[in-house]
Structures are given as structure tokens and as C-alpha cells.
Amino acid sequence: MTWDTQRAAGIIETYKHLDGPALPVLRALQLEFGHVPDEAVAQVAEALNLSRAEVHGIVTFYHDFRRAPGGRTDLKICRAEACQAMGGDALADEARKRLGVDWHGTTQDGEVTLEPMFCLGLCSVAPAAQVGDRLVARADWPKIEEALRKCRR
Amino acid sequence: MPTLTRIYVPADSAALALGADDVATAIAAEAKRLGAAVEIVRNGSRGMHWLEPLVEVQTASGRIGYGPVTAADVPGLIKTGLLEGGAHPLCLGDPAQHPFLARQTRWTFVRCGIIDPVSWDDYTAHGGGQGLARARAQGAQATLEAITASGLRGRGGAGFPAGIKWRTVHDAPGDTKYVVCNADEGDSGTFADRMVMEGDPFALLEGMVICGLAVGARKGFIYIRSEYPRAIAVLEHALVVARANGLFEDCAIELRIGAGSYVCGEETALLESLEGKRGQVRAKPPLPAHHGLFGKPTVVNNVLTLATVPEILVRGAEAYAALGTGRSRGTLPFQLAGNIKHGGLFEAPFGLTLGDIIDDIGGGTATGRPVRAVQVGGPLGAYFPRALFDTPLDYEAFAARDGLVGHGGVVVFDDSVDMARQARFAMEFCAAESCGKCTPCRVGSVRGMEVIDKILAGRDVDAHLALLDDLCNTLRLGSLCALGGFVPYPVLSAVRHFPQDFRRP
């Protein structure tokens, strides 16, 4: 969704009363708009009485915050040790090859953004992936493709 | 009206990731088609993840389990009498009698997988709420004494005695104090916090309120990682139910969600993040117990620590302290992960050996190949070879062998693992997740990757191994927190126990 100052102001207002509101505010903005653009940094700084540098510092510190829009569905593949022990590296290589993108990249049709992640807590049923809202255990490429298909529906 | 048959289909993340939602949908559809009256309960997981989705049916003679069930199995299962607990190749009998569960000693996980996680009635019918009633009746001093006497230590990894931490916050001056639950379970190979939050969230909330009563805090925060969407959803639901049932009269609990930073699992970085800042580590002292969230005295405890508290008050500190070995008292929920045949959660008193856990309970590797290395305690834990499988799981015994019990995660690798790559990954991970505040961690981890790359390329191997050792010493002694301070564990243990992987022809 494209940035909308008024909508953003409403979201900020919802969380502003919390103790230490910056993260809940930024998370809600990211959920709504799919990313946290420069306009958001300025607006959040103004609303929370922080400097723009402070908000920029927060946004760039955390992996979850995206500065530009991603694809329609996020494909997150766990890169951590338990998944490595079950062929996670090979799965990650295959995903990059099949999608034709590297980490953080979005496919040309704008459908899928590939993200590395560290641990979904599915270490006993590794390797693990998350496709949109769907969790995939003992993941292989056919299972991921099926989950991607279901997300498109 | 016919009586409802109660069917349990776990909605734990591991079960969901193996298709539990499809199974639940198939059961509902098939029951409807046959005109059978069923009530489907979405419970947590019992912890036998290789059998998930593990469907259970409530029969007159107790619960009968079936697993692993796929949606395609459902019509056949119902046809052969699933609703009556009938025989089937997938039938496991009473899950509680399964050897994997029967051998456990469950305190923290006493209700997980058994109850409906968001039903207050189910919770109280299974003993929930009694710990808080005890705490309210006996007063703060008696609770502090009980937690101290139980020997409970922080389950997040550091193993600091919970009683001492609570006492310090209780004794600290000031009217405003906080309880913070560290639910930023980022270590690979660990999922016990996730399972409690998804399977028995009220136990955690009750433990936090008891802590609040004991230390004089009227406000609590749960800081959960964003990578746990299911746990977040269950907790949000549980908070609403708990509030409606008056759980938060003495201490109100609020849920906060992280944003993908591993280092925020470090308690001072977590506090910074809760305050709405970059998750940068603070120098200690001052300790959070004196100067924590918003500068106020704060208890920061892990999910497992807090979720065990109610059960300790119910069954008694002495009973808990009677379990375990040495200074590691009580039980630890071990998590069997990676290349393991019987992966899942196993709660037992401290003292089982690594070999017991992996060979006997875990059944060896999933691939059927020999076990070559085991990483215990997350990405910052040491790699142990089979020669060290006699090490008892106990904080001090592991430390004596340059390892960590940590949060109890056990990640198994078979003989195809390349330990030099694992050592490099540890440095790479540290570099990616370093908060950047201290130089040894921020710069040292990058230099560590480069040195290992040179070793892998066969350049001046002896000199670079010596350099790596020296660098690890700098990280160990000079870092502000455990991220830089402990990354030498996986790196140096790999070099020490698997030297051949670092010297290639």
C-alpha cells in the first residue's frame, strides 16, 4: 500500500500512549504499508518527540523493518544450525536458483520476496520455512511451491 | 442430543507446519458427513514432534492417540473407529504411557498438550491458579523464600538463581518496579518457550503475576520475538481470557513484539528495545534488578523460569529441589533438534548425560548416519564430539568441559557436517547480529570470518589458528555481553574437537 500520511497518523495515535511506543508504532506501520519509508521516519519522529536520527537508528537496527516495499508473499527460510543439520543450506540454494533472486530480493513478477531468517522454533522438524502466514516443516522445494500456490489463491 | 466426542488436534507451530489445520478440517468434514457430533480442541503439543500431527480422542477409558496423521488418513481413521479409540496402524494408545512421555518428569510442561490452551476452565481444572492462590495467601516473604529454597535458576541460559534476583528487586528502593518476561527465544535448537506459550500460556501469566506479588511490581511485560506468530496469537487470546478472569488484579501484563533482532534476547538489549530504542546492550553494572526498565528495579526472567513458578508453589520447593544434581536443581526441558530421529521436548531432572539424550531418548540421527557433533545451548554453545557424550546435562558439568547448557537446546549433526563451516557460521552469525556497541564483537566477528576463510584456503594454517585463538580470547574477555563473549565456544570447540576439518589437503 502506498504511504498515506493521514492513515499513518491514525496508527501512530493508537499506540502513542504506550510506554516506549516506538517499536509498536513502527511495527503497526510496517504491517499496514508493508514497509517503513522515509516519510514514516519523519512523521514518527515528530509524533513521538524523537529526532529523525533516532528513528532512523531504530528502523535500520531491526531486521524486520523494510525501507522499500517487498513482493506479495514473503518466503522466509531458516538459516540456523538445526536446519543446517537437515539440509537447510541446500534448500536455500535451491530457492535462490528457482526464484532467480538472492536474499532480500523480489522476483521479477513481484510475487515473492526471499528472506533469510534465524529460527522459527521448528528445530525438531527441520528444515523450516515460512511462506506468507504458513509454516512449513521438513521443507523441500515442492512443499514450498505448494504453499506459495496456496498463498496466491 | 448425542454426547460430543472430544478430539484434540494440536495447533502448536510444529503440528501446524506438518499440516494439523488440514487434519482438523478433514476431521470436521468427515464427522459432519457421517453425522457424528464432535468437538475439536486445538491443544498444544505433547512434545513428540516426530509423531505430529498427533490426534487424540477422549474415550470413556481415557485419551487415545494417533500419529502422525495426515488429512488423507482421516476418512480411513474414522471408518476404523477413531471416534471410539479403535485400533489402527497409527494408533499409539494412551499418549501419556508412550515411553518418551512416561520417562519424563514434568513440572514446567505439566499441562502442555493436555489442555485447551485458552480455556480458563480447562486450566483451573488441571491445577492452574493454585500457585497464585498460595502466593496471595502466604505473602511476598514466603514466596521469595520458596523460590530461593527450590533452587530454581534462570532457564534462559545464564542459570542465575531466581530467588536471589527476585529478592534483590524486592529489596530495591522505589515504588515502581517491573517484571519482564524474556520470550525472545532466538537460539537455534530451542523451542521450549514457544511450546509453553502455545500450549499453556496461563502458566506463564500466572508465574509473572506471582513474581509481581513477590517483588512488588504491578506491571509486567512479555517481550516475544516476531518470528513466533502462533505464540503471539495464543498469548493475545490468553491475555484477554486471563484479564476477564481477574488474573491481573495485582499485576497487569502487556505483550510486546520484537522486530527480528537476536541480540534483543540479551536482557539489557531487550530492555532498551522495550523502551523503544535500538537493541543495544547496556554495560553492567548497574544490574537490571537495580536499574532496569525505564531505570526501575526489574526482574528479567525467561519464559520457562516464570512458567515453572506456579507449579513450585503448588508442589512445594522441597520437591523441586529434591530433583537434579549438584547445583542444578529441578528439571530442565531439553529440546532435541536438528538431525534427530525422535525430535521434540523432553523434561527431566538435570543429570542425564548427553549420550542418554541423543542415543537413547532421541534414537540417534534422522538420516540414520552416525552422530558426529552436537551443539548444546544455541548458536553460542560448544560443539561436542561423541567422546564427550558422558557429560551430564548440568550447568557446572558443562562449564567444566568448556560448554554451555544454555536454554537446553540440543542440535545433532551427522557425519556429513563440516565443522570448519560451522565455526565460520558462528562468526558470521555474530557479525550479522552484533548490536555494534563494543568493538571486540562488532569488529572481531568480521575478522574471525576472514581468518577462518584463510584457514579454509590453506594459507598459513598454523599461524592463523593461533591468531583465531587469540582473537577468541579478545572476544571472550572484552565483549560487553554473551554474544561476543560466548561466540568463542562454538568456534574453539570445533577447532579443538574436530581439528582435521581445519587442515585440508
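Two strands are taken to pair if DSSP finds at least two bridges between them. Helices (H or I, at least four residues) and strands (E, at least two) are DSSP runs, numbered from the N terminus. The model is predicted: local features need pLDDT of at least 70, side-chain atom pairs count only at pLDDT 80 or more, and totals for chains, interfaces and linings use all residues. Residues are numbered from 1 along each chain as its sequence is written, and chains are lettered from A and ligands numbered from 1 in the order in which they are written.

**Stop 1: the sheet of chain A**

Select strand 3 (residues 129-131) and strand 4 of chain A, which pair in the antiparallel sense over three bridges. Within this pair, A:V131 stands opposite A:R134 of strand 4. Now widen the selection to the open sheet of four strands in chain A, whose order is 2-1-3-4, with mixed pairing. Strand 2 (112-117) and strand 4 (134-136) of chain A are at the edges with a single partner strand each, so one side of each has no neighbour in the sheet. On average, neighbouring strands of this sheet are turned by 20° against each other, direction ignored.

Angles run from 0 to 180 degrees between N-to-C directions, with axes fitted as lines to C-alpha atoms, for helices over the stretch in contact. Helix 6 (residues 88-99) of chain A touches strand 1 (73-78) and strand 2 of chain A, and its direction makes about 150° with that of strand 1. Helix 7 (residues 141-152) of chain A touches strand 1, strand 2, strand 3 and strand 4 of chain A; its direction makes about 170° with that of strand 4.

**Stop 2: helix 4 of chain A**

Select residues 52-61 of chain A, which form helix 4; A:V55, A:I58, A:V59 and A:F61 are buried there. A residue is buried if 20 or more other C-beta atoms lie within 10 Å of its own, exposed if 12 or fewer, and partly exposed in between, with C-beta atoms placed from the backbone. Viewed down the axis of helix 4 of chain A, the buried residues fall within an arc of 170°, so they line one face of the helix; the arc is that of the directions from the helix axis to the C-beta atoms. Helix 2 (22-33) and helix 3 (38-48) of chain A are among the elements that cover these buried residues.

**Stop 3: where chain B meets chain A**

Show both chains: 42 residues of chain B are in contact with 34 residues of chain A. On the chain B side, the elements giving two or more residues are helix 1 (13-17), strand 8 (252-257), helix 11 (267-274), strand 12 (331-338) and strand 16 (409-414).

**Stop 4: strand 16 of chain B**

Select strand 16 of chain B, in which six of six residues are buried. On one side are B:G409, B:V411 and B:F413, and on the other B:V410, B:V412 and B:D414. Strand 12 of chain B runs parallel to strand 16 of chain B, joined by four bridges. Strand 14 (residues 371-376) of chain B runs antiparallel to strand 16 of chain B, joined by five bridges. Finally, centre on B:V412, the bridge partner of B:G338 and of B:V374.

Technical notes. Two residues are in contact if their C-beta atoms, placed from the backbone, lie within 7 Å.
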